[in-house]
Amino acid sequence: MRYRQLFDQWNNFSELESNWKEDLQLLAKDEKKIEDAFYRDLEFGTGGMRGEIGAGTNRINTYTVRKATTGLASYIKGAGAEAMERGVVIAYDSRRYSPEFAREAASTLASNGIKAYLYMEPRTTPQLSFSVRYLHAFMGIVITASHNPPEYNGYKVYGEDGAQLNLEDAEVVIQHVNDAGDALHIDQRNPDKQLVVQLDEQMDQAYMDALKTVQENDGLASFTDLKVVFTPLHGASGKTVKRILSEVGYTLIDYVEEQMEPDGNFPTVVSPNPEEQSAFEYAIQYGEKNDGDILIAVDPDGDRVGIAVKTATKYELLTGNQTGAILIEYLLSQRKAKGNIPANGRVFKTIVTSDLGRVIAEYYGVSTEDVLTGFKFIGEKIKQYEETNEFEFLFGYEESYGYLIKDFARDKDAIQSVLAIVEAAAYYKKQGLTLLDVLSQLYERHGFYLEGLQSVTKKGVSGANAIQNLLEQLRANRITEIAGINVLSQEDYLHSVRTFTDGREAEEIFLPKSNVVKYFLADGSWVCVRPSGTEPKVKYYFGVLSGSETESKEKLKAIQDDFSLKMNHYLEE
């Protein structure tokens with residue numbers, strides 16, 4: 001049993017750090033846990049790696065971080081001396097071992113003659129993205145597991161444009177990581193300490209200055225009585241959000257003090273995920289006590305943001321699609337009023353994001369482009385059009401609560417989003433409107449768009465096989481109707497082909513390949529099937545459109561129920 005041999009190798013390694021040695025002693029009592037920790041190497045994929053913290057080849061720890069960074073260093077050295085001098089920016093969030101992993105990455109880079117810019121306190125993922133661009137660094141690393149549970153951490157890699165690595169470059173980095181050798185026995189030479197540059201207040205101020213350009217009405221803060229409750233959910237964004245809101249002049253902000261300090265144990269939340277109602281428990285208490293108009297929660301690494309709006313009886317959470325629609329409406333309406341919407345302006349969204357954003361953008365004469373799921377693909381488009389000048393970036397977003405307003409960062413930026421959300425809420429409050437009122441107006445103008453998401457978890461090797469079988473069956477057995485509604489076309493992103501049910505000739509899809517299938521129905525509804533890239537899940541995304549909330553809810557339920565039944569048949573085969 002190879003996993004047992006690896007366990008013994010780690011257990012007998014004389015130089016193993018004491019904390020991981022203690023972890024092995026706990027593992028020794030449970031054969032299944034030993035197998036899970038050592039049955040494979042923790043996968044380094046196109047977005048980096050993410051896993052449970054602990055000893056083992058299938059865990060994130062000092063040694064797997066060292067191996068990943070050694071592979072990254074090999075890639076950078078292959079790019080030449082200039083790339084090594086430009087170096088790598090490293091940031092980390094509030095998770096357990098994040099500072100240690102960040103220092104390990106910096107030390108490994110310095111051991112390979114590569115400059116490392118290191119933040120010494122938690123900073124957000126979007127600030128890392130901004131910093132790579134500002135410092136003209138060659139790459140970036142952020143230590144984070146986003147909104148995963150406390151037992152996880154991760155390692156994400158960014159390119160010189162500040163976006164997550166494109167697929168082509170990522171594949172090359174993956175090969176270098178795989179070739180780095182045994183994680184325990186990587187030659188860790190004495191690092192050149194002069195190559196590790198500590199980042200300080202100057203970088204924070206540069207990011208603050210950039211954030212202020214997000215404002216459309218920069219004097220609004222002085223004239224609003226909007227009351228806001230904010231929580232970073234024990235993550236990295238608290239200090240940054242508090243500073244930017246103060247510097248631009250917003251004063252009626254209640255900060256959830258129990259959750260403001262970074263804490264990787266996330267002691268006051270079930271899950272540090274602003275997509276979930278439970279993440280707002282403390283914020284709701286603050287809002288009810290102090291009559292807050294809106295509640296805002298940001299995830300641990302500061303790239304996703306969720307909001308809740310006060311109604312007569314409760315606080316109502318908005319979906320990521322709804323918040324995105326409101327932001328597009330506010331930003332484009334303000335720019336139209338000033339006459340500064342460019343003729344080639346473009347909004348970007350993912351293929352599983354609501355079409356409401358598209359029709360709002362069209363209302364203001366702005367085109368929209370769909371990309372694959374993952375903000376890296378929006379970053380890729382920004383870079384492409386920056387080089388060709390064909391389109392000008394105006395806004396990018398995805399249904400999973402990620403938004404980008406200004407492209408000085410190239411990943412979703414919850415700090416930008418907080419500033420824009422507060423401004424929009426203040427602007428509309430002056431008109432006697434809540435954000436829910438604005439959303440209702442958008443539905444009245446464009447139709448009632450409603451979206452849904454279902455996730456099915458399938459763990460282990462058998463689960464992975466079941467999910468793969470599901471996608472294979474969908475391609476082999478054409479679905480012609482869902483809930484009695486005819487399917488007009490199917491998009492297969494793995495094979496880059498769009499096919500039709502009316503006999504039309506198939507068309508090529510000009511997007512990167514991805515194991516995703518999407519169906520378009522005769523009534524304007526759509527369904528998309530996508531395996532998760534970070535969890536043992538397959539996700540079903542749904543979008544419907546009708547003239548009323550009631551009709552859309554009924555249609556959504558019917559489509560979800562029927563499609564899930566169809567999928568269960570394939571998953572159980």
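This is a predicted model: local features need pLDDT of at least 70, side-chain atom pairs count only at pLDDT 80 or more; totals for chains, interfaces and linings use all residues.
Residues are numbered from 1 along each chain as its sequence is written, and side-chain values use heavy atoms, with hydrogens and water left out.

In soluble globular proteins, nonpolar side chains tend to be buried together. A nonpolar core is defined here as a set of buried Ala, Val, Leu, Ile, Met, Phe, Trp, Tyr and Cys residues joined through side-chain atoms within 4.5 Å; buried denotes under 20% relative accessible area, exposed over 50%, and partly exposed the range in between (1.4 Å probe, protein chains only). The largest nonpolar core contains 125 residues, of which Leu245, Ile296, Leu470 and Phe563 touch the most other members. Helix H15 (residues 414-430) supplies the largest share of this core, 11 residues. Helices (H or I, at least four residues) and strands (E, at least two) are DSSP runs, numbered from the N terminus. A second, separate core comprises 51 residues, including Trp20, Leu24, Phe38 and Leu118. Contact is taken as heavy atoms within 4.5 Å. When residues up to four places away in sequence are not counted, isoleucine 296 touches Val228, Val229, Phe230, Thr231, Phe280, Val305, Gly306, Ile307, Val418, Ile421 and Val422.

Helix H1 (residues 2-11) has Tyr3, Leu6, Phe7 and Trp10 as its buried residues. These cover an arc of only 105° around the axis, and therefore lie on the same side of H1; the arc is that of the directions from the helix axis to the C-beta atoms. The packing partners of the buried H1 residues are helix H2 (18-27), helix H3 (31-38) and H4. Threonine 57 is placed in the loop between strand E1 (49-52) and H4. This threonine 57 counts as buried because its relative accessibility is 10%. Beyond residues up to four places away in sequence, threonine 57 touches Leu6, Trp10, Ala37, Phe38, Arg40, Asp41, Leu42 and Thr64.

Two packed helices are described by the angle between their axes and the distance between the axes. For helix H4 (residues 62-78) and helix H6 (residues 98-111), the axes come within 9 Å and cross at roughly 40°. Axes are lines fitted to C-alpha atoms, for helices over the stretch in contact, with angles running from 0 to 180 degrees between N-to-C directions. The H4 and H6 crossing is right-handed, a term applied when the near helix is turned clockwise from the far one by less than a right angle, left-handed being anticlockwise. At this contact, Thr62, Val65, Arg66, Thr69, Thr70, Ala73 and Ile76 of H4 meet Phe101, Glu104, Ala105, Thr108 and Leu109 of H6. By class, the contact of H4 with H6 has six nonpolar, four polar and two charged residues; Ala, Val, Leu, Ile, Met, Phe, Trp, Tyr, Cys and Pro count as nonpolar, Asp, Glu, Lys and Arg as charged, and the others, Gly among them, as polar. Threonine 62, found in helix H4, counts as buried at 7% relative accessibility. With neighbours within four places in sequence left aside, threonine 62 is in contact with Glu17, Trp20, Phe101 and Glu104. The C-alpha atoms of threonine 62 and glutamine 322 are separated by 40 Å, the two residues being 260 residues apart along the chain.

In helix H11 (residues 281-290), the buried residues are Ala283, Ile284, Tyr286 and Gly287. Their arc around the axis is only 160°, which puts them on the same side of H11, while Glu288 and Lys289 are exposed on the other side. The buried H11 residues pack against strand E7 (228-231), strand E8 (253-255), strand E9 (294-298) and strand E11 (315-317). Aspartate 291, which follows H11, has a positive phi near 60°. Helix H13 (residues 356-363) has buried residues Leu356, Gly357, Val359, Ile360 and Ala361, and is followed by glycine 365, whose phi is positive, near 75°.

Serine 146, a residue other than glycine, has a phi near 55° and lies between strand E4 (139-143) and strand E5 (152-158). Serine 146 counts as buried at 4% relative accessibility. Serine 496, likewise not a glycine, has a positive phi of about 55° and lies in the loop between strand E18 (485-492) and strand E19 (497-500). Serine 496 is buried, with a relative accessible area of 12%.
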